[in-house]
Amino acid sequence: MTGNDLAIRVRNVSHQFGEEGSTQFVRAMLETSLDIRRGELLCLIGPSGCGKSTLLNVIGGLLTPTNGKVLVGDTDVRGPLPQEIAYVFQENALFPWSTVLENVNLGMMFQGVPKAEREPRARQSLAAVGLSDFANHYPGQLSGGMRQRAALARALSLETGILLMDEPFGALDEQTRMVLGEDLSVLLSRTGKTIVFVTHSLGEAVFLADRVAVFSARPGTIKEVITIDEPHPRKPGFMTSEKFTSLRNSLFALLHEEIRKAMEQSTASERAARRGAKS
Amino acid sequence: MSAEPESAVSKSAALKSATPKRDRSALGSRAVQVAFVIALVGLWYVGTTYGQISPILLPNPLRVFDELVDVLATLEFVTDLRITLTELAIAFSISAASGITLGYLISRSQYSIRVFEPLLAGIYSVPIILFLPLYILFFGLGPASKIALGVTTSFFPIILNTIAGFGYVDRIFVLSARSMGASDYQLFRWVLLPAAFPIILTGLRIGFTVALLSILGSETIASLAGLGHRIVHLAEGMDTARMFAYIAFAVAIALTLNTVTSSLEARARRR
């Protein structure tokens with residue numbers, strides 16, 4: 001595979017929070033390498049605290065890793081790349097003091113889109129997520145699912161080649177997630193963007209991804225990458241198919257052991273913290 | 001003191017809950033409030049007309065009303081009011097400008113917030129009126145000592161709310177703005193400022209109120225002119241009816257200013 005087919009190259013990235021030996025010290029990621037192809041949707045899945053979001057923030061230039069590097073195209077990532085990468089965050093990152101339309105416009109203003117282009121592009125991306133009628137609502141007046149669609153519209157309006165999504169539906173209920181997942185699959189199959197999507201839902205990963213990268217427990221590194229060979233846009237019927245179930249099961253088998261390990265880690269560290277507090 | 005930023009969620013909840021039923025109960029409690037004030041004045045009237053209360057200690061409300069009409073008609077109040085309001089305007093301008101500027105600078109680093117916020121909150125809890133004798137020594141009996149006291153009392157709520165406003169902006173807003181390429185100026189203008197604005201506004205309103213209170217108060221303690229000075233002057237001359245008229249006038253001015261600042265705050269918050 002030539003470098004041109006790769007949108008993002010992650011090379012031996014390690015990251016730690018805090019100084020070694022201090023109580024806040026956490027080795028979040030260890031020697032992680034990953035190639036992300038142009039136009040694919042790659043899901044990062046793993047136990048909580050395994051460094052999925054850390055990797056996403058390193059790719060997005062919001063976090064400088066302790067070791068290793070990330071290349072976007074041929075550029076070494078040293079900070080946010082607003083022309084190449086747009087973000088959809090887990091929580092609602094819309095500005096509550098601005099309307100939905102103003103939020104989308106602000107994003108383009110930050111990115112440097114000329115004023116005359118902003119309004120039509122904002123209308124277009126709001127139409128794409130089905131929020132045309134809510135352009136003048138404030139985020140607080142929308143449901144959680146609508147807010148995340150608005151956040152997606154803001155990211156789409158930036159017309160970047162890469163979209164990073166950090167558990168964008170994490171705070172939503174199961175039904176809303178399913179519907180949004182379907183809509184997302186339809187929407188994104190049309191745009192040809194490269195997408196990195198962090199989730200902890202197995203079903204979501206299988207339903208959306210071209211490939212799923214499974215993280216190990218902390219210090220996180222990629223244990224295995226599974227290919228989901230099913231054309232986009234995916235139909236709801238895929239979710240009840242034999243293929244879906246068997247993929248989901250093999251993903252579960254891979255993850256199960258890591259989740260156990262992660263839980264043992266967290267109880268161990270809690271016990272250590274309690275001991276520390278007593279002495 | 002550090003008012004929570006009014007969240008968008010609670011804003012929409014407030015919109016929905018503005019039902020006619022609530023309006024009626026608000027109207028009801030307003031009627032009780034008015035009735036209470038009328039009853040109080042009625043008691044005052046009955047007590048001074050038919051009771052054994054000395055008119056020097058508590059004059060009849062009708063006499064006070066006549067005096068008030070006279071004060072207003074002769075425009076006698078203008079000089080004192082102008083002095084008090086000038087002191088207030090100068091004191092508030094100084095503390096607003098310095099409180100917001102310094103508060104913003106402190107809020108730029110978590111370290112300086114940790115150092116200065118408890119320090120300022122500590123000084124804020126000291127009864128600042130205790131500095132008045134010192135200020136009179138420094139600045140004399142004229143307006144300068146009143147301005148100094150007004151600045152000292154209103155500076156703290158303003159700077160503390162400014163730190164609370166700028167210092168605790170949700171990290172996700174900053175990250176998302178940065179990821180979209182916001183410059184330092186854009187981050188300030190479109191993220192930090194709108195996030196902090198309602199909280200700073202609350203600080204300004206509190207600062208304004210305490211500045212007015214401390215200026216009126218210090219005028220009654222040691223001064224050459226101003227509304228507070230006039231009230232003490234009349235009390236010392238046993239002219240209690242006119243003194244009460246001036247108190248009523250000062251209360252009316254304070255109420256008006258408070259209503260104006262509160263409605264300015266409410267209007268700015270709605271945006």
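I took the helix pair first: the axes of helix 2 (residues 100-111) of chain A and helix 4 (residues 144-157) of chain A cross at roughly 30° and come within 9 Å. Helices are DSSP runs of H or I with at least four residues, numbered from the N terminus.

I then listed the contact (C-beta atoms, placed from the backbone, within 7 Å). Helix 2 of chain A supplies A:Val100, A:Asn103, A:Val104, A:Gly107 and A:Met108, and helix 4 of chain A supplies A:Ala150, A:Ala153, A:Arg154 and A:Ser157. By class, I noted five nonpolar, three polar and one charged (Ala, Val, Leu, Ile, Met, Phe, Trp, Tyr, Cys and Pro are nonpolar; Asp, Glu, Lys and Arg charged; the others, Gly among them, polar).

Next I checked the chains: 21 residues of chain A are in contact with 19 residues of chain B. Helix 2 of chain A gives the largest share of the chain A side, four residues.

Last, I looked up chain B, which is divided into domain 1 (19-53) and domain 2 (59-270), with bounds from an automatic or database domain assignment. Their centres, over C-alpha atoms, are 30 Å apart.

For the record, this is a predicted model: local features need pLDDT of at least 70, side-chain atom pairs count only at pLDDT 80 or more, and totals for chains, interfaces and linings use all residues. Residues are numbered from 1 along each chain as its sequence is written, and chains are lettered from A and ligands numbered from 1 in the order in which they are written.

Technical notes:
Axes are lines fitted to C-alpha atoms, for helices over the stretch in contact, and angles run from 0 to 180 degrees between N-to-C directions. Helices (H or I, at least four residues) and strands (E, at least two) are DSSP runs, numbered from the N terminus. Two residues are in contact if their C-beta atoms, placed from the backbone, lie within 7 Å.
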